[in-house]
Each structure stands twice: as C-alpha cells, then as structure tokens.
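This briefing covers one protein chain. The points below are grouped by topic and are meant to be read beside the sequence and the model.

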Amino acid sequence: MNDPLPLSPNDVAVLIPALNEALRIREVVQGALALFPHVIVVDDGSDDDTTQRIADLPVIVLRHRQRRGKGDALRTGFLEATRRGLRGVLTMDGDGQHAATDLPRLLACANRHPGCIIIGARLRKRAAQPLYRRLANAFGDWGIAWGTHYQVVDSQSGQRFYPAEVIALRDIPAEGFVFEAQLLISAARQLGTRCVSVPIDSRYRCAGSDEQFRPSHFRPLQDLYRITRHIVLFALRHGHVWRVYRTIRANPPLIDDADSRA
C-alpha cells in the first residue's frame, strides 16, 4: 500500500466552535486564516455579536439557532468538512486561549503520525495554569485511559487534529464536552486510533499579562463529573477491568516535540 500524500494546509479545515465569543473571535479567526485557507466557525446560538465580528472575513459561518452544546457544534463542522472533501480538521476554541501559530505544528505531527489524533497538550508554562485546572486535567486523563486503553496527555484540550476517518464517525453517544472525550474512545475502539500529544503553551489570564479571556464554558466539577461518569459506566459495561488496567500501564502517552522551539 502506498503511503498517503502528506497533508498540506489546503487539505484541512480549521474548525472553531463559538458561543458568545465576541471578545476575541475576530483575532482568533484572522490568526487561523493567516495560515489556513479553510476556516469554519460554528456559532452555537450566541446571543452577542460573535458572527457580526467576522462577517467581512472569508470564513465559512454555520449557525445553530439555539444553543446545542459543543458536541453538536463539532458535529456540524465535521459534516461540513467532510462535505467539502477535506482530509482532516484542526480544532481550536474561539476564546483566544489557543494560538493559531501552534496549528502548523499539529499538522506537521499528523504527517509524522498518519491516522492519529493529535492533541495540543498544555505542557509549557504550566505555572500559568490554575491549580484546579491542572488537577482536573490529570483526573480527566486518568478517566479517558479507561476508555481508550492507552494513556493520553491533556485529554481536555480543545486544540486537536482529527483525520478524515475520525470526523466521519457517526452516532458518537455523548453531548457537550463529553463528546470530545467519547470521540477519543470511539476512535480507539472502532478504528484503532492512537492519540499523540504536541506540547503547547498554557495560556490563561495572569498577573503581568494584559490578555483578556472570557470565563470558560467548561465547569470543572460538573463537566468532569459527567465525563468521568460516562467513561466509568462505559468501562464497566465492557468489563475485564484488571486486563484493561494492565493494558493502560503498558501503553504510556505518546508525546512528539520534534519541532520544539529553541
């Protein structure tokens, strides 16, 4: 079998789910457009002027009339990318916490690891990340491993690359933020897909910085409870808990920092 042609920026879409992102959406979209020609924004029922802020930009805007959650926003964007025949999707949040300049690094990693999901893992400048978020991320990673049967670094990051076969998956049994977790599990179970993590900066409002971010839509206690409950029930239904534990221990996370900045 011939090796697939390397992915180029023309082959993929940058997908940005957006809910009330008027504060930063324009600069986020402009940053993505500077590097990738196909940018899809899914406005998940915003009641501010999110879409008006980008109305003059050459971007595909899809809008939910009512809020349906991040899971459905991603589904809508995946369907559009598939309809356009693109070979993958890069995702980033609309609040400015992901740097568009990291997206080419994720794409380069995808070419080094064909068929894998690539996660922009917030491993740099971790001191800028609130302690409760670091603990929540570690707990989430532990939970995800019980579904994927391998260890993942920063499974809660919304900056990712999904190959075409993953975005083509249908009937993912989850909504909201749980959808992103279940997508990793379904890809592992149905396609044998692994995740590879690329270190990126942790970007949060902190002392000495004038960057402004809106409050996160992610609620650590409530959303992590939903994610963990979903995964635990999923794992228990499939059984073989001790065997799964041994498999997890035998499959440490894959981290690719080949193009690390000096």
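A residue is called buried when its relative accessible area is under 20%, exposed when over 50%, and partly exposed in between (1.4 Å probe, protein chains only). This is a predicted model, in which local features need pLDDT of at least 70 and side-chain atom pairs count only at pLDDT 80 or more, while totals for chains, interfaces and linings use all residues. Residues are numbered from 1 along each chain as its sequence is written, and side-chain values use heavy atoms, with hydrogens and water left out.

**Overall make-up**

- The chain contains nine helices and eight strands; helices (H or I, at least four residues) and strands (E, at least two) are DSSP runs, numbered from the N terminus.
- Of the 262 residues in the chain, 53% are buried.
- Contact means heavy atoms within 4.5 Å. Taking contacts between residues at least 6 apart in sequence, 77% join residues at least 24 apart.

- The buried residues in helix α4 (residues 103-112) include Leu103, Arg105, Leu106, Leu107, Cys109 and Ala110.
- The cover over the buried residues of α4 includes the strands β1 (12-18), β4 (88-91), β5, β6 (160-163) and β7 (195-201).
- Arg105 of this group forms a salt bridge with Asp102, at 3.5 Å from N to O, and both residues are buried.
- Gly115 sits in the loop between α4 and β5 and is partly exposed, with a relative accessible area of 31%.
- Leaving aside neighbours within four places in sequence, Gly115 contacts Pro163, Glu165 and Thr193.
- The C-alpha atoms of Gly115 and Val166 are 8.6 Å apart, although the two residues are separated by 51 residues along the chain.

**Salt bridges**

- A salt bridge here is a side-chain nitrogen of Lys or Arg within 4 Å of a carboxyl oxygen of Asp or Glu. The whole structure has 15 salt bridges.
- Side chains of opposite charge can pair when their charged atoms come close.
- Asp43 pairs with Arg63, with the closest N and O atoms 3.2 Å apart. Asp43 lies in strand β2 (residues 39-44) and Arg63 in strand β3 (residues 60-64), so this pair ties together parts that are 20 residues apart in sequence.
- Asp43 is buried at a relative accessible area of 1%, whereas Arg63 is partly exposed at 44%.
- Arg24 pairs with Glu27, and their closest N and O atoms are 2.9 Å apart. Arg24 is buried at 8% relative accessibility, whereas Glu27 is partly exposed at 44%.

**Packing of α3 against α7**

- Helix α3 (residues 70-83) and helix α7 (residues 178-191) have axes that come within 7 Å and cross at roughly 55°; axes are lines fitted to C-alpha atoms, for helices over the stretch in contact, and angles run from 0 to 180 degrees between N-to-C directions.
- On the α3 side the contact involves Lys70, Gly71, Leu74, Arg75 and Phe78, and on the α7 side Phe179, Glu180 and Leu183.

- Arg122, in strand β5 (residues 117-124), is buried at 9% relative accessibility. The side chain of Arg122 makes a polar contact with the side chain of Asp154 at 2.7 Å.
- Thr148, in helix α5 (residues 131-148), is buried at 6% relative accessibility. The side chain of Thr148 reaches the backbone oxygen of Tyr150 at 2.8 Å.
- Leaving aside neighbours within four places in sequence, Thr148 contacts Leu184, Ile185 and Ala188.

- Asn20, which is not a glycine, has a positive phi of about 55°. Asn20 lies in the loop between β1 and α1 (25-33) and is partly exposed at 27%.
- Asp171, also a residue other than glycine, has a positive phi near 60°. Asp171 lies in the loop between α6 (164-167) and α7 and is exposed at 75%.

Notes
Polar contact = N/O pair within 3.5 Å; in protein donor to acceptor, adjacent residues only side chain to side chain.
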